[in-house]
Amino acid sequence: MFFLILSCADKKNSQIKRYSITIAGSTSVMPFTEKLAEYFMVGHPEYIVNVQSGGSTAGIQAAITGTVDIGMSSRELKDEEKVLNEIVICYDGIAVIVNPVNPINELSLEQVRDIFSGKINNWKSLGWIDRKIDAVTREEESGTRGAFEELVMGKIHIDDGIMVQDSNGSVKEVIATDPYAIGYVSLGMVDEKVKAIKIDGVEPTVENIRQKKYKIVRPFLYLTKGKPKAEAEAFINFVISKEGQGILKKEGLVPVND
């Protein structure tokens, strides 16, 4: 009898219809999407959500060609990319970070721009030690870099001699191990390993973003080619639901439905 029950249960499980959702793109949006997918799959065991990275530009192109169900971007779309259906899932601050031993707690937006353009290259110019600044930026296809260039650099180019890393996590690890480094990451990734500094006197916090006091803010986007198919729509609806937005809020992001 025991084996019969097990056999029936196995047969029932094998008959459950499975749905697959493929999501790819921004390395900034990816870790939060992975967490959302975990919660979603617990409540919807018939779904398998496959989350991949590749960068915002890759995610946008994959959505345009239809090779993924949902593309992820951490930058605004360019005019030629606006053929896609955009869903803003939350807002994220870009935090400028230094090593915790660095005594500098505040910089102006102009000073940050001058550091990443190469105009300021020594910490002595900012009131600290006579030592070269080890600035760290993201690769050119990065949505975080694209947003940083738009919101901070303007028409000024990031210096070609600056160290380049391929993810927010890599930038954070460099800053955490180099006392003389400075970089920028998603606010949701800031922890005790690094120190987020004030910009023009404003601390990068969820509350300051919500009150529009902190200015280095970008949207996290999901992108679909036209109306999403039913499986993708089910996941998107979960993400923008009260439960999904609550998960993002706990991760240090600013919900769209708050």
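Lys 132 is exposed, because its relative accessibility is 52% and the cut-off for exposed is over 50%. The model described here is a predicted one. Lys 132 sits in the loop between α4 and β6 (134–138).

Two contacts place this residue further. Arg 131, Lys 132 and Asp 134 are linked in a network of salt bridges. Lys 132 also comes close in space to Asn 122: the C-alpha atoms are 4.4 Å apart, while the two residues are 10 apart in sequence.

## Overall build

The protein has 258 residues, and 47% of them count as buried. Nine helices and 12 strands make up its secondary structure. Along the principal axes, the C-alpha atoms fill a box of roughly 80 × 45 × 35 Å.

## Aromatic pairs

A search of the whole structure turns up 11 aromatic pairs. One of them joins Phe 40 and Tyr 47. Phe 40 is buried, at 1% relative accessible area. Tyr 47 is buried too, at 11%. Both rings also belong to one aromatic cluster, made up of Tyr 19, Phe 40, Tyr 47, Tyr 222, Phe 235 and Phe 238.

A second example is Phe 116 with Tyr 184. The centres are 5.6 Å apart and the planes lie at 65 degrees, so this pair is edge-to-face. How far is each ring buried? Phe 116 has a relative accessible area of 0% and is buried. Tyr 184 is also buried, at 0% relative accessibility.

## Salt bridges

How many salt bridges does the structure hold? There are 12. One of them joins Glu 207 and Arg 210, with the closest N and O atoms 2.9 Å apart. Both residues are in helix α7 (residues 206–210). They are three residues apart there, so about one helical turn separates them. Glu 207 is partly exposed, at 39% relative accessibility. Arg 210 is partly exposed as well, at 32%.

Glu 139 and Arg 138 also meet through their side chains, at 3.1 Å from N to O. Is Arg 138 buried or exposed? Arg 138 is buried, with a relative accessible area of 1%. Another salt bridge brings Glu 233 and Lys 227 together, at 3.2 Å from N to O. Glu 233 is partly exposed, at 28% relative accessible area. Lys 227 is exposed, at 65%.

## A negative surface patch

Which residues form the negative surface patch? Glu 140, Glu 141, Asp 159 and Asp 160 do. Asp 160 is found in the loop between α5 (143–153) and β7 (163–165). At 74% relative accessibility, Asp 160 counts as exposed.

## Positive phi angles

Most residues other than glycine have a negative phi. Two residues here are worth checking against that background. Asp 200 is not a glycine, yet its phi is positive, at about 55 degrees. Asp 200 lies in the loop between β10 (198–199) and α7.

Lys 212 is the other case described here. Its phi is positive, at about 60 degrees, although Lys 212 is not a glycine. Lys 212 lies in the loop between α7 and β11 (217–224). Why does Lys 212 count as exposed? Its relative accessibility is 65%, and exposed means over 50%.

Key
Residues numbered from 1 in each chain as written. Predicted model: local features only at pLDDT ≥ 70, side-chain atom pairs only at ≥ 80, totals over all residues. Heavy atoms only, no water. Phe/Tyr/Trp six-rings, centres within 6.5 Å; stacked < 30°, edge-to-face > 60°. Buried < 20%, exposed > 50% of the residue type's maximum accessible area, 1.4 Å probe, protein only. Patch = residues over 30% accessible without salt bridge, like charges linked within 9 Å, V, L, I, M, F, W, Y side chains within 5 Å. Areas by Shrake-Rupley, 256 points an atom, 1.4 Å probe, with all protein chains shown as cover. Salt bridge = Lys/Arg side-chain N within 4 Å of Asp/Glu carboxyl O. Lys, Arg positive; Asp, Glu negative; His and termini not counted. Charge placed at Lys NZ, Arg CZ, Asp CG, Glu CD. Helix = DSSP H or I, 4+ residues; strand = E, 2+ residues; numbered from the N terminus.
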